[in-house]
Amino acid sequence: MTAENIDLSALEELLAQQDEPQLSPDEFKTVFRNHPAGVAVVALLHEDRPVGFTATSVISVSAAPPLLAFSLASTSSSWPAVSEASTLAVSFLADHQDDVSARFATSGIDRFADGGWTPLPTGEPVIDGAVSWFRARVVQRTPIGDSYLVSLRALASSLTEAGGEPAASPLVYKNRGYHRIGDDTAI
């Protein structure tokens with residue numbers, strides 16, 4: 001089902017009829033800047049070329065069935081590729097990969113030119129050295145506000161391990177900066 005086929009008239013009407021005050025975009029962003037989020041790179045093949053972007057919006061939705069989701073602005077240069085994708089990969093970055101995150105968040109460059117990624121046998125790019133990754137099938141693209149919520153069914157995964165534990169800590173983004181989670185931060 002494409003976004004054009006989804007009837008959102010009831011949702012749009014509900015959003016338009018709100019008579020209570022709401023946060024400004026800046027107020028909303030300020031709250032989320034102070035909410036730490038894991039950093040991932042979402043990547044796919046589009047017209048035989050890799051496409052990818054940094055995402056801090058990846059969430060677990062359900063374990064049975066195994067579903068996850070992320071949001072992407074409709075104005076993103078990656079949206080046309082994501083709007084047509086049937087499968088993609090989500091690589092959860094390690095705490096030493098802040099440069100990778102910054103590269104995949106930069107517009108107007110070939111984000112794959114510097115290497116550091118490997119195609120899966122099915123073609124989707126995964127980031128080398130990531131803590132883990134999912135290969136996933138797109139099950140729904142839901143327009144919400146000026147973005148899309150992209151829902152995925154996990155098909156395959158990998159966890160980089162050392163002795164049964166992840167080999168690296170995840171990269172975390174908070175208040176416009178990258179952070180590491182170490183053993184000394186456990187409560």
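These notebook entries record what I looked up in a predicted model.

**Basis.** I number residues from 1 along each chain as its sequence is written, and side-chain values use heavy atoms, with hydrogens and water left out. For this predicted model, local features need pLDDT of at least 70 and side-chain atom pairs count only at pLDDT 80 or more, while totals for chains, interfaces and linings use all residues.

I looked up the largest pocket and found a volume of about 1,600 Å³. A pocket here is an open set of points on a 1 Å grid over the protein atoms alone, with protein on both sides within 12 Å along at least five of seven lines; lining residues have an atom within 4 Å of a point. The volume is the space filled by probe spheres set on the points. I noted 38 lining residues, with Lys-29, Thr-56, Ser-57, Ser-71 and Ser-147 nearest the centre. Two or more residues each come from H2, S3 (49-55), S5 (67-73), H4 (98-104), S10 (147-159) and S13 (171-174). Helix H2 gives the most, five residues. Helices (H or I, at least four residues) and strands (E, at least two) are DSSP runs, numbered from the N terminus. By class I recorded 18 nonpolar, 14 polar and six charged residues in this lining.

The second largest pocket holds about 290 Å³. Its lining has 13 residues, and Arg-49, Pro-50, Val-51, Gly-52 and Ile-109 lie nearest its centre. Strand S3 gives the most here, with four residues. I recorded four nonpolar, five polar and four charged residues in this second lining.

I then turned to H2 (residues 25-33), which contains Val-31. Val-31 is exposed because its relative accessibility is 55%; the cut-offs are under 20% for buried, over 50% for exposed and partly exposed in between (1.4 Å probe, protein chains only). Leu-23, Phe-28, Val-31 and Phe-32 make a nonpolar surface patch of about 430 Å². Patch residues have over 30% relative accessible area and no salt bridge, and nonpolar side chains are joined within 5 Å, like charges within 9 Å.

**Salt bridge.** My search of the whole structure gave one salt bridge, defined as a side-chain nitrogen of Lys or Arg within 4 Å of a carboxyl oxygen of Asp or Glu. Glu-124 pairs with Arg-135, with 3.0 Å between the closest N and O atoms. Glu-124 sits in the loop between S7 (117-119) and S8 (125-127) and Arg-135 in S9 (residues 132-144), so the pair ties together parts eleven residues apart in sequence. I list Glu-124 as buried, at 3% relative accessibility, and Arg-135 as buried too, at 17%.

Definitions and conventions
Areas by Shrake-Rupley, 256 points an atom, 1.4 Å probe, with all protein chains shown as cover. 1 Å grid on protein atoms, 1.4 Å probe; cavity = no way out; pocket = protein on both sides within 12 Å on 5 of 7 lines; lining within 4 Å. Nonpolar A, V, L, I, M, F, W, Y, C, P; charged D, E, K, R; others polar.
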